[in-house]
Amino acid sequence: LRTTLAVCVVYYLSSRCENVLQLLSLRILLGFVGGFQELTMALATQLCPALRTPLVIGCVQISQITAGALAPFAGGVLMGWIGIRHTLVISSLLCLISFLLYAVLYRDAPERPTANGIDREPVRLLSLPNFALLAISVFIVTVIEKGLQPAVPLFALTHSADARRAALIAGIILALAAVGDTLAVWYCGRGVRRGRARALLVRRWAWGALLSSALAVSDAVLPFGIFRCLLAVLAGGTLTVAYAMASFVIPAQVRATGFAVLSSCALIGAGVGQLLI
């Protein structure tokens, strides 16, 4: 609730900025008070039955991917229609709606009583089976995925002298990749089971390595676009599988902390991936 309300306030203040330095300061502040998206996975799974956790994780990721695909288009339309300041005000209002929805509808999971009272036994996350390996996997996958996002328009620009045509090509590739990623996440969310999660993750890593190698040697736009979309379809959903496997080993009393650590690995991976490009 505090995070959502803080983001709401920062967006509104951004609409009142008078110079670039004020906007930059507020964007830096947004990074410190934000983190809403990283909490979402923990909040969505803490009341979820264990067998349905992979499906819930898939649904959360589908909503995030869909929002990420639609948001730039919606923002561009709004900025062209009502201007950047009013667009920021609308963003603030949407955050306020989220705040009210959480305040009214969301309920925390009750703490588990034990013979000695509330269960507060400390748990070392890194000592959990495969947790460190899954955290590393989340980091590497995000480095690759977020690194490819700016690489697509850069690749299109190097193969087209017309900036508008390059933007169209990049937009088509990114949109098709987002659709493929959504399908992969949906499939993984429905198909992950404790017994087959490891095999599913290994197959997606193998496809990812193969298609990334194909991308690296692609010199034309068409094969690059095809391999990028195939990568989204065949290797997409890797994060879903990793999160689902983590949900099998993270105890209920530290589920929020466990998913927060994984989300932090994803955030660091996103920064590293875009920096490398």
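Trainee: Which residues does Thr240 touch, not counting those up to four places away in sequence?
Mentor: Thr240 touches Pro54, Ile57, Gly58, Gln61, Val185, Cys188 and Gly189, where contact means heavy atoms within 4.5 Å. Bear in mind that this is a predicted model, where local features need pLDDT of at least 70, side-chain atom pairs count only at pLDDT 80 or more, and totals for chains, interfaces and linings use all residues. Residues are numbered from 1 along each chain as its sequence is written, and side-chain values use heavy atoms, with hydrogens and water left out.

Trainee: Is Thr240 buried or exposed?
Mentor: Thr240 is buried, at 0% relative accessibility (buried is under 20% relative accessible area, exposed over 50%, partly exposed in between, with a 1.4 Å probe and protein chains only).

Trainee: And where is Thr240 placed?
Mentor: Thr240 belongs to helix 10, residues 238-249 (helices are DSSP runs of H or I with at least four residues, numbered from the N terminus).

Trainee: Switching topic: at what angle do helix 7 and helix 9 pack?
Mentor: Helix 7 (residues 163-191) and helix 9 (residues 221-235) pack at about 20 degrees, and their axes are 7 Å apart. Those axes are lines fitted to C-alpha atoms over the stretch in contact, with angles from 0 to 180 degrees between N-to-C directions.

Trainee: Which residues of helix 7 make that contact?
Mentor: On helix 7, they are Ile169, Ile173, Leu176, Ala177, Gly180, Asp181 and Ala184. Helix 9 contributes residues including Phe224, Arg228 and Cys229.

Trainee: How many aromatic pairs are in the whole structure?
Mentor: A search finds three (ring centres of Phe, Tyr or Trp, using its six-membered ring, lie within 6.5 Å; planes under 30 degrees apart are stacked, over 60 edge-to-face, the rest tilted). Tyr102 and Tyr106 have ring centres 5.8 Å apart and planes at 50 degrees, so that pair is tilted.

Methods:
Helix = DSSP H or I, 4+ residues; strand = E, 2+ residues; numbered from the N terminus.
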